[in-house]
Amino acid sequence: MKKVERINIIMRYINNRAHFTISEIMQEFNISRSTAIRDIREIEAMGMPLVAEVGRDGGYSVMRNSVLPVVRFTDDEVKALFIAFMATRNGQLPYLKSRQSLSEKLLGLISENQQDDLFLLNQTLFFEGTNPNNPDLLDLSDLPHPMLEKLIQILLLDSYLLITIEEEKVITSYPIYLMHLYREKNLWLIEGFDLKEEKKRIFPVDYLTNIIPYPEKNRLSKKKIFEKLSKQEEEINLVLELGPKAIAQFKKYHPFKISISYTNPYQTTAILKTFIHVKKPGELTEMTNWILFLGSDVKVREVPEEVLADLQGRLSFYSARI
């Protein structure tokens with residue numbers, strides 16, 4: 001942990017306590033006595049009103065009615081925050097209104113020179129998804145699905161949910177244990193364990209119409225859920241060796257469930273292992289498209305016959321057109 005980050009965390013730790021000792025700081029942050037004393041002195045120098053108490057049980061306390069000093073950002077910290085916001089705009093992320101208010105507060109905290117720098121960055125830097133005709137960071141036109149924030153608020157309290165989905169005018173409710181909430185191909189998706197069917201399923205957030213906690217009396221324990229999932233794990237049927245060009249393509253895009261393992265310390269070669277549902281036409285086509293996207297810097301160790309046939313058919317088609 002960097003020194004500045006550690007001191008900020010210690011400040012928050014101190015401000016939430018009426019009294020603390022050097023020994024407590026040492027133990028809480030796993031630092032030496034001399035480091036703890038230096039950090040406390042730096043915090044005092046920053047304006048935090050600490051009162052030293054003498055005696056065997058002595059320590060420090062924060063003066064009553066005192067709070068943390070005003071947060072101040074360095075030039076580089078301001079740029080880092082602003083660029084992070086720029087890189088993630090137009091992504092249909094949750095809490096867009098809160099991101100707008102954060103941006104406004106950030107602009108209000110900094111100097112005019114820093115504001116000029118950010119204005120120039122906003123006009124010059126463009127990320128994937130940025131509308132060059134309207135690059136305003138505070139634009140509220142990119143709202144996510146209205147159920148997304150509600151889903152996040154509930155899952156922070158409870159992962160056992162009863163979700164209602166409307167698809168092609170058919171409304172169905174599913175009791176699930178939410179495992180992951182992720183974004184792929186511009187869609188927010190729920191990966192959950194269906195407590196009724198006792199299997200893993202994927203649900204698009206766009207189809208959600210309602211979410212409520214699932215009654216405790218009907219729940220499976222987390223232990224039983226993961227035991228059932230471990231028994232349902234598919235056998236690997238696709239194994240690829242990736243060279244540096246294929247790894248670069250993989251980093252541009254890869255399905256959420258797929259990862260690679262590097263096979264040398266320079267991360268220029270890697271192995272990819274996964275399972276393809278060849279009986280699902282949609283997944284078969286999608287995975288074939290993605291393997292072609294990886295390019296020619298790929299060696300096939302193992303592949304289902306259906307995928308191989310699809311790949312050969314695609315390549316023959318492209319060759320014929322050329």
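Reply: Leucine 81 counts as partly exposed because its relative accessibility is 34%. Buried means under 20% relative accessible area, exposed means over 50%, and partly exposed lies in between (1.4 Å probe, protein chains only). Leucine 81 sits in helix 4, residues 75–88. Helices (H or I, at least four residues) and strands (E, at least two) are DSSP runs, numbered from the N terminus.

This is a predicted model: local features need pLDDT of at least 70, side-chain atom pairs count only at pLDDT 80 or more, and totals for chains, interfaces and linings use all residues. Residues are numbered from 1 along each chain as its sequence is written, and side-chain values use heavy atoms, leaving out hydrogens and water.

Now the core. A nonpolar core is a set of buried Ala, Val, Leu, Ile, Met, Phe, Trp, Tyr and Cys residues joined through side-chain atoms within 4.5 Å. The largest one has 19 residues. Leu238, Leu240, Leu242, Phe250, Leu272, Trp290 and Leu294 touch the most other members. Elements giving two or more residues include strand 8 (238–242), strand 10 (270–274) and helix 11 (305–321). Helix 10 gives the most, with five residues.

Take leucine 242. Leaving aside neighbours within four places in sequence, its contacts (heavy atoms within 4.5 Å) include Phe250, Leu272, Leu294 and Val298.

Threonine 288 is in helix 10. Threonine 288 is buried, because its relative accessible area is 0%. Beyond neighbours within four places in sequence, threonine 288 is in contact with Val307, Asp310, Leu311 and Arg314.
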